[in-house]
Each structure stands twice: as structure tokens, then as C-alpha cells.
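This report goes through the overall form of one protein and then a few of its residues.

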Amino acid sequence: MASATLTPYLRDQHHKIEGRSADGNRPSALTTTVPREYVHRTAVSEVFLTNWRRGAAADSWVVSAQWPRAHTFYGPLHGLHDPILLIETVRQTGILLSHVVHRVPLDHPIIWQRVRYDLAPQALRTAQRPAEVELHITDHDMVFRGKRLVSALQEFRIVCDGAELASATLDYSCHSPAVYRRLRGEYSDVALANSRALPLPEAVSPQLVAREHDRDVVLSPTDRPDLWQLRVDTSHPVLFDHPVDHAPGMLMVEAARQAAQATTPGITLPVSLECSFSRYAELDAPSWVQARTTGRDDDDRRQVEVTVEQHGQLVVSAQITSVPTP
């Protein structure tokens with residue numbers, strides 16, 4: 001029953017492509033991305049998932065994805081795929097399964113409580129073709145109200161081109177539009193929230209955060225080397241793929257990554273990252289990102305704690321362990 005949602009779509013796409021063949025040749029298999037609506041994306045180019053199926057165990061699933069050799073934002077660096085692409089793929093997977101497995105309606109917001117990964121850096125190496133990624137997911141602590149999913153905890157084992165890449169956890173909740181409006185009040189009005197967005201502040205030097213262009217920098221300098229204003233560019237084509245009423249989770253993850261990089265010498269790779277989300281960051285007030293180095297071990301693994309606050313209240317806390325880029 002769970003695969004019924006996608007199967008007709010994929011079958012229709014198969015027939016459409018076959019119908020264009022003039023010489024009678026038929027490929028043995030066709031691959032397409034899942035519908036963009038199932039991962040809450042507007043641009044088809046930002047959809048990385050290609051298929052899904054049931055796993056061997058109860059409450060388990062297998063989702064396939066493809067990572068491009070190049071990307072405008074999550075691009076490879078020093079021959080390694082961007083590890084934050086892993087979090088975006090986990091994000092899309094959680095949303096996909098909420099809709100096609102647990103029947104959450106497409107207009108229901110999916111809200112993060114926590115996301116985490118631990119990865120093996122060598123499995124991030126790029127090749128002369130897009131990376132084939134397979135995510136093995138197990139559902140835990142699923143909470144339902146009647147037949148409707150309210151919250152979920154999902155554990156991931158992730159394989160990239162046949163090599164063990166990472167483990168990950170995603171903890172999220174689902175809200176009906178009516179509940180979301182009650183929670184957010186006037187901030188649930190997307191147009192109003194965006195009309196109140198602060199002017200875009202200046203960016204720190206892209207080199208400080210291992211970026212090439214100002215447009216991809218999400219930190220703005222202050223008079224302290226460990227404190228920045230969150231730079232919220234609502235026109236960014238990836239971080240703001242579509243208008244939203246608050247600073248999105250992937251922006252917060254990127255801010256944590258850039259803050260950790262800014263406080264660590266050299267170009268580093270975040271091999272472990274955990275973000276916990278306490279409240280929404282609004283667009284009409286500044287958010288402040290602070291980083292604190294908490295440790296360094298013998299193999300040069302550096303631990304950094306990052307917090308994001310708004311109006312003096314904690315919005316996000318993150319713990320990142322980084323190693324020098326191989």
C-alpha cells in the first residue's frame with residue numbers, strides 16, 4: 001500500500017519517455033527524481049531523491065538519491081562532496097516518507113526538532129560520475145493522533161557508491177495548517193513575514209568560511225571574532241527555494257557550519273554535526289550566531305559549539321566536530 005503513491009507517477013513517466021522513442025529501442029530501466037512536491041521543493045534541480053521502497057524489517061525503508069558532480073551551493077571542495085548535502089538529503093527523505101508512507105497531507109508543515117550525522121570522510125570522495133546514495137531508514141517513536149502522524153524519530157544508515165558513508169538521525173513533527181497558524185500567529189502569513197524582512201547586512205570574507213562568493217555567506221561581521229549576525233538572504237535560490245515565514249532549518253545548519261569554519265584554522269571538514277531547534281527565527285529581527293571551541297584531540301579533531309539566539313532566546317544549538325580537509 002505504501003508504494004501506491006509513487007508507482008503510478010513513475011509508471012506514467014516511463015510510458016511518456018517510451019512514447020518518444022522512434023527506433024523501437026527500450027531502456028531496461030528508467031530513473032527520475034521523485035515529485036518535487038514530496039520533498040517541499042520548487043526547483044526540480046534541487047530534488048535529489050530518485051526512488052523508495054520498503055526495507056526488509058518492519059518500519060524500515062530504503063530511499064535512493066543521486067548527488068550531482070557540481071552544485072551551485074552544495075558543491076564539492078577539494079575532491080569531496082559537501083557533507084551538508086547529506087543533511088539536505090536526509091531532510092528530503094524525512095518529508096518524502098511522511099507523505100508517501102504516513103499519509104501526511106502535502107500542505108502540512110514538517111518542523112525539525114533535531115538533526116544529526118556522523119560520517120566517514122573517505123566515502124565523500126567525488127568520482128567522474130554523480131554519486132549514487134542509498135539511505136536505509138528505520139522509524140522509531142512514531143506518534144499518531146488518530147491516523148495522523150504528529151511526530152517521528154528516524155534513524156539512517158547511509159551508503160555512497162557502495163561505501164558506508166554515515167549514520168544520521170532526524171527528529172521532526174507535523175502540523176496541520178490550522179495548528180501551524182495558531183502556533184505562529186501573524187507570522188504564519190508568508191507575504192507579511194517577507195515584507196518585514198531585515199535589509200541584507202554585509203558578508204564576512206568568503207574565504208573565512210570556505211566559500212567563493214558573498215551570496216553564499218550567511219554570516220555578517222560584528223566587533224567580536226566569535227559573534228556574527230545571521231545573514232538572511234531571502235532571494236537565495238537554494239536556501240530559500242520558495243518563500244517561507246521564518247529562517248529555514250538548512251540556513252541554520254549552514255550558519256553553524258560556517259561559524260565552526262570561521263573559528264578553526266585552515267579548511268576543515270565537519271565529520272560530525274548535531275543541530276537542535278528550540279524556536280523559530282523570525283525574519284524581522286536580527287539573529288546572532290556565536291561559536292565556542294570546546295575541545296581538540298590528538299588526531300586534530302576540533303569540537304565547536306555554535307548557538308543562534310534572537311531576542312535573547314536560544315533558537316538553535318549545534319555541536320560540530322571537524323578535521324582538516326584531506
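## Basis and burial

A residue is called buried when its relative accessible area is under 20%, exposed when it is over 50%, and partly exposed in between, using a 1.4 Å probe and protein chains only. By this criterion, 49% of the 326 residues of the protein are buried.

The model is predicted: local features need pLDDT of at least 70, side-chain atom pairs count only at pLDDT 80 or more, and totals for chains, interfaces and linings use all residues. Residues are numbered from 1 along each chain as its sequence is written, and side-chain values use heavy atoms, without hydrogens and water.

## Overall form

The protein has five helices and twelve strands, where helices (H or I, at least four residues) and strands (E, at least two) are DSSP runs numbered from the N terminus. The C-alpha trace spans about 65 × 50 × 40 Å along its principal axes. The radius of gyration is 20 Å, which agrees with the value near 20 Å for a compact globule of 326 residues; it is taken over C-alpha atoms, and the globule rule is 2.2 Å times the number of residues to the power 0.38.

A contact means heavy atoms within 4.5 Å. Among contacts between residues at least 6 apart in sequence, 64% join residues at least 24 apart.

## Nonpolar core

A nonpolar core is a set of buried Ala, Val, Leu, Ile, Met, Phe, Trp, Tyr and Cys residues joined through side-chain atoms within 4.5 Å. The largest one here has 85 residues, and Ile158 and Leu165 have the most contacts inside it. In soluble globular proteins, nonpolar side chains tend to be buried together.

## Valine 209

Valine 209 lies in the loop between helix 4 (190–195) and strand 7 (219–221). Its relative accessible area is 2%, so Valine 209 counts as buried. Not counting residues up to four places away in sequence, Valine 209 touches Val204, Val217, Leu219, Gln258, Gln261 and Ala262. Valine 209 and alanine 255 are 46 residues apart in sequence, and their C-alpha atoms are 9.6 Å apart.

## Histidines with positive phi

Histidine 78 has a phi near 55 degrees and is found in the loop between strand 2 (60–67) and helix 2 (84–100). Histidine 311 also has a phi near 55 degrees; this residue lies in the loop between strand 11 (302–310) and strand 12 (313–324). Histidine 311 is exposed because its relative accessibility is 62%. Most residues other than glycine have a negative phi.
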